[in-house]
Amino acid sequence: MSVGAFLITFREALEAAIIVAIIIAYLRRTNRANQIKDVWIGTALSVGFSLLLGIGILKFYGGLAEKELFEGIASYLAVIVLTSMIYWMATKGKDIRAEIESKVSKSIAPLALIGFTFIVVFREGLETVLFLTPFMTRDLTGTLIGLGAGLAGALVLAYLIYGVGMRIDLRRFFYFSSILLVFVAAGLAGYGTHELIEWAEEEGYSLGVFATQAYDLGIPSDSIWHHKGAIGSIFAVLFGYSVSMEWGRVIVQFGYLIVALYLVLRAYGKGPALNREKKAAESAA
């Protein structure tokens, strides 16, 4: 199973489930329970379109001759979208309920509610497809297993929160999952850079120092600690681990990691734990 695919799908599916739950709760609270079926129609359509998009991307990839170029671009695109999603949730996530309820209050007609639900859920589906594309090109079976496990886990957690009433600090959850996703995104940025370097070399382009080897751990390919081995592959997905890297990959991967971590930590106010300590100090004063 692809751990990265599981983590990304779990996070995205949970966001979609939270959005749907907010819409349904608002409809019930405003005596519009008869329109809940429209929410499920919009959700089903968005899931169907997301699946078709994923199948289309895989078919397109299968017919390509320059797969390194596609994988490099797909990885970079996934990093851009993943970063924007993480930062948006960090800065705007706390206002998501008010924003959704405001839009639903204006979506009176059935088609309007179906359309709104489709758009907000399909956005999560589109992001998931874009994020998983680099993983699917490397390990389709593992990615599909991670996708299924992520969906199942997100639906179970959403049910426990909104169906059973289990209390969970969602902001804390998104804080720590965002940090982990930054490492995943950094690994994708590094992998995309590696693929683009390979493509450039095959095309005869000279990248100089950018394409020279920065380090080589000397770990054999049949070792469990190799980035394609049983244990190394998990670290490769979660933290961008590789037994060897070019200077270009090192610069892009770790440069992104430093900048993205700083932005996420700043956006969340240096984390839930530090916020509690700050509030405790202020109340004590």
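Author: Start with a definition. Buried means under 20% relative accessible area, exposed means over 50%, and partly exposed is in between (1.4 Å probe, protein chains only). The model is predicted, so local features need pLDDT of at least 70 and side-chain atom pairs count only at pLDDT 80 or more, while totals for chains, interfaces and linings use all residues. Residues are numbered from 1 along each chain as its sequence is written, and side-chain values use heavy atoms, with hydrogens and water left out.

Reader: Why is Thr128 called buried?

Author: Its relative accessibility is 12%. The cut-off is under 20%. So Thr128 counts as buried. Thr128 is in helix H5. Helices are DSSP runs of H or I with at least four residues, strands are runs of E with at least two, and both are numbered from the N terminus.

Reader: What does Thr128 touch?

Author: Thr9, Glu12 and Leu147, leaving out residues up to four places away in sequence. Contact means heavy atoms within 4.5 Å.

Reader: Why is Ala33 called partly exposed?

Author: Its relative accessible area is 42%. Ala33 sits in the loop between H1 and H2. Beyond its neighbours within four places, Ala33 contacts Leu27 and Arg28.

Reader: And Ala185, buried or exposed?

Author: Buried, because its relative accessible area is 0%. Ala185 belongs to helix H7 (residues 170–202). Ala185 touches Val79, Leu82 and Tyr256, not counting residues up to four places away in sequence.

Reader: How do you know how H1 and H5 run relative to each other?

Author: Two packed helices are described by the angle between their axes and the distance between the axes. Axes are lines fitted to C-alpha atoms, for helices over the stretch in contact, and angles run from 0 to 180 degrees between N-to-C directions. The axes of H1 and H5 come within 9 Å and cross at roughly 175°. Angles under 35 degrees count as roughly parallel, over 145 as roughly antiparallel, 65 to 115 as roughly perpendicular and the rest as oblique. Therefore H1 and H5 are roughly antiparallel. Residues where they meet include Thr9 and Glu12 in H1, and Thr128 and Phe131 in H5.

Reader: What makes a set of residues a nonpolar core?

Author: Its members are buried Ala, Val, Leu, Ile, Met, Phe, Trp, Tyr and Cys residues, joined through side-chain atoms within 4.5 Å. The largest one here has 60 residues, and Ile23, Ile100 and Val104 have the most contacts inside it. Helix H1 (residues 3–29) gives the most to this core, with 16 residues. Apart from this core lies another, of five residues, among them Ile57 and Phe70.

Reader: How many aromatic pairs are there?

Author: Nine. Rings of Phe, Tyr and Trp (its six-membered ring) pair if their centres lie within 6.5 Å; planes under 30 degrees apart count as stacked, over 60 as edge-to-face and the rest as tilted.

Reader: Which kind of pair do Phe49 and Phe118 form, and why?

Author: Their ring centres are 5.5 Å apart and their planes stand at 80°, so the pair is edge-to-face. Phe49 is in helix H2 (residues 36–62) and Phe118 in helix H5 (residues 110–138), so the pair ties together parts that are 69 residues apart in sequence. Ring pairs link Phe49, Phe118 and Phe122 into a cluster.

Reader: Why do Phe49 and Phe118 not count as buried?

Author: Phe49 has a relative accessible area of 45%, so it is partly exposed. Phe118 has 22% relative accessibility, so it counts as partly exposed too.
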